[in-house]
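Please walk through this protein from its overall make-up down to its individual residues. The explanation is meant to be read beside the sequence and the coordinates.

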Amino acid sequence: MSATPPLPVDLSGIRLDPGQGLARQLYQALRERILDGRLAGRARLPASRDLAALLGISRNTVTRAFDQLYAEGYVEGRVGDGTYVADLATERPAPQPLASVSAPSAALRRLQAHHLPAPLSGPPRAFRIGVPAFDLFPFETWARLQARFWRRPSAARLGYGDPAGDPALRELVAAYLRSSRGLNCDPAQVVITCGAQQAISLCAQLLVQPGERVAVENPGYRAAGHAFAVAGAELCGVAVDDDGLDTAELAAIADCRLAYVTPSHQYPTGVTLSLARRLELLEWAERRDGWIVEDDYDGEYRYSGVPLAPLAALDRQGRVLYVGTFCKIAFPALRLGYLVLPPALAEAFARRQALDMRHSEIGTQAVMAEFIAAGHFQRHVRRMRQAARARRDALLRGWPEVPGCAPLPAVEAGLHLCVPVASRARERELVAAARGAGVEMNGLGEYWLQGEATPETARAGLVLGFAAVPEAQIAEALRTLRRAWKL
C-alpha cells in the first residue's frame, strides 16, 4: 500500500523583522499557523535549506526554530523523510463522560488541621529540593544598587504605593516574559507578590468558594494544595504520567472549575506537559468556564534549546493565571514573585493585595527593577542555567547503580529530578539510610495528596535536587551514599 502523500503547506505571509530575534519570530509564526489550523496535521514542512532561501535567512536560524517546535511537540521528524506537523487532533482522546469522584475528605481534614513542615533552613546541602545556586548570586552588585536607591529615595516611592506593585518592575517583568518566554502580556496584567506561594494563595482566596472542587496534580506540590484547602476547596488529586497531568481523568471530575498545574517541569516528577495535553487542558477550562493556575516555578532552567513557552502563551480565552518567581533565579529569602492575570481579573487581585498587605516592600522591587534594566538579571539567568547544567551533569556522572532503583532519567529542565524505585518499602529504606548519613533526600511518597496514607502500590521514587551545591559537594555526597547504601 502506498503511503499517504504529505499535505501541501502555504507559508505565504510570514514576515520577519531583522531587528528582532529571527529564530523566535519564525518559531512563533509557525506555531501560530499550526494552532489555528493553517498548517494541518501531517503537513510536510519545507527542508530547512529551502525555507531559509524562501525567507532570506540563515539555515541555522530555521534549524533553531524547528528545534523549539520539536521540543514542544508541534512537529515531528521521520527518518530520511523530513519534518511534519504533528497530528494533534488524533492525539487527543475522545471526551469522557463526567463521573462522580469521591472527595479525599480525610486528606483535606489533615491539610486543614496541620501546618505543612517548614522548609529546611540553614546552608543548603546535597540534595536539597527547590534551592538554586544562590552561592553564585552577584551580592556586591545587588548591594550597590540597594545602597544607591536608599541613599536618595524618591519621595513619591516612600508613601503608599500601587498594590499591584512598582510600575517600573511590572513593566520590566512584562517585557522579560515577552522576549524570553513568548508570553505576550501588558504591565497592567502583572501583580507583584511576596514569592510564588503568596501568588498561589491569592488565587485560592479569589477563585475558590468553600466546598468547591479544585484539581491538583498527584503527586504534586502540597503547599499549593494546602493553600486551596485552607480557602475551603475540596481537593481532587489527578494522576500524572509521562505526558504530565492526565487530562482525561481531570475531565471526569464533576463540578470542578479550577486546576493547579506545573506544566513546564512537573513538581516533583519532572515531566513536561505534552502539547496535546496543554491544548486539552485549555479546552477543558473553556468548556467548564474555569481557571488554570500555572506555576512556572523553575521554567528558566532548560538545558536543550530555549525555555518552553508557558501554557499562558497558548491561552486565547483568558483562562490561565501565570505564577512566576525570582526566588529560583536569585535566592529563596528574596520573597519576590509575580502573577500575570487575565485582564478581567487584574483589578480584583490588586484590590485583594491591598487588603492583605497593602503592597510588597518597595526597596526590593525598586532594586530588582534596576537589576533587570541594567542587564544584570539576564546575565545572571544565563550563569545560573550553566551552573545548574554542570551540577546536573555531576549527579548524572557519579550516580551509582543502586539495587531496586532505576537508572537516572534524562533531565532536560528544572532544578531536580525523580528516579523511579521498585517499591515504597525500598524508597523508605533508601531515604532513611541517606538521611541517617547526613544526605538530604526526599521520597516520592511525601508528595502524594494522601500523605502518610499513600498506598503501598503507589509509584515510588527518589526526588533529588541538584543545583543547591557545587560539583565537589555533590561528589562527596555520592561517596557518602555509597557507604550508607553499602554499594
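This is a predicted model: local features need pLDDT of at least 70, side-chain atom pairs count only at pLDDT 80 or more; totals for chains, interfaces and linings use all residues.

Residues are numbered from 1 along each chain as its sequence is written, and side-chain values use heavy atoms, with hydrogens and water left out.

The protein has 16 helices and 14 strands, taken as DSSP runs (H or I over at least four residues for helices, E over at least two for strands) that are numbered from the N terminus. Of its 487 residues, 54% are buried, where buried means under 20% relative accessible area, exposed means over 50%, and partly exposed lies in between, with a 1.4 Å probe and protein chains only. Among contacts with a separation of 6 or more, 73% are between residues 24 or more positions apart, a contact being heavy atoms within 4.5 Å.

In soluble globular proteins, nonpolar side chains tend to be buried together. A nonpolar core is here a set of buried Ala, Val, Leu, Ile, Met, Phe, Trp, Tyr and Cys residues joined through side-chain atoms within 4.5 Å. The largest one has 113 residues, of which Phe127, Phe326, Met368, Leu395, Trp399 and Leu462 touch the most other members. Helix α14 (residues 376-398) gives the most to this core, namely seven residues. Leaving aside neighbours within four places in sequence, Leu395 is in contact with Phe127, Leu408, Leu417, Leu464, Phe466, Ile474 and Leu478. A second, separate core of 30 residues includes Val191, Ala196, Ala227 and Leu258.

Two packed helices are described by the angle between their axes and the distance between the axes. The axes of α8 (residues 195-207) and α9 (residues 222-230) come within 8 Å and cross at roughly 35 degrees; these axes are lines fitted to C-alpha atoms over the stretch in contact, and the angles run from 0 to 180 degrees between N-to-C directions. Helix α8 contributes Gln197, Ile200, Ser201, Cys203 and Ala204 to the contact, and α9 contributes Ala223, Ala224, Ala227 and Phe228.

Cys203, a member of that contact, counts as buried because its relative accessibility is 0%. The count of disulfides comes to zero, a disulfide being a pair of cysteine sulfur atoms within 2.5 Å. Cys327 is likewise in no disulfide, since the nearest cysteine sulfur, that of Cys194, is 8.0 Å away. Cys327 is buried, with a relative accessible area of 4%.

Some backbone details remain. A cis peptide bond joins Ala126 and Phe127, with omega about 5 degrees, and Phe127 has its place in the loop between α5 (105-113) and α6 (139-151). The peptide bond from Tyr267 to Pro268 is also cis, with omega near 15 degrees, and Pro268 is in the loop between β8 (256-261) and α11 (275-288). Asp255, although not a glycine, has a positive phi of about 60 degrees; Asp255 is in the loop between α10 (247-251) and β8 and is exposed, with a relative accessible area of 68%. Asp289, also not a glycine, has a positive phi of about 55 degrees, and is partly exposed at a relative accessible area of 41%.
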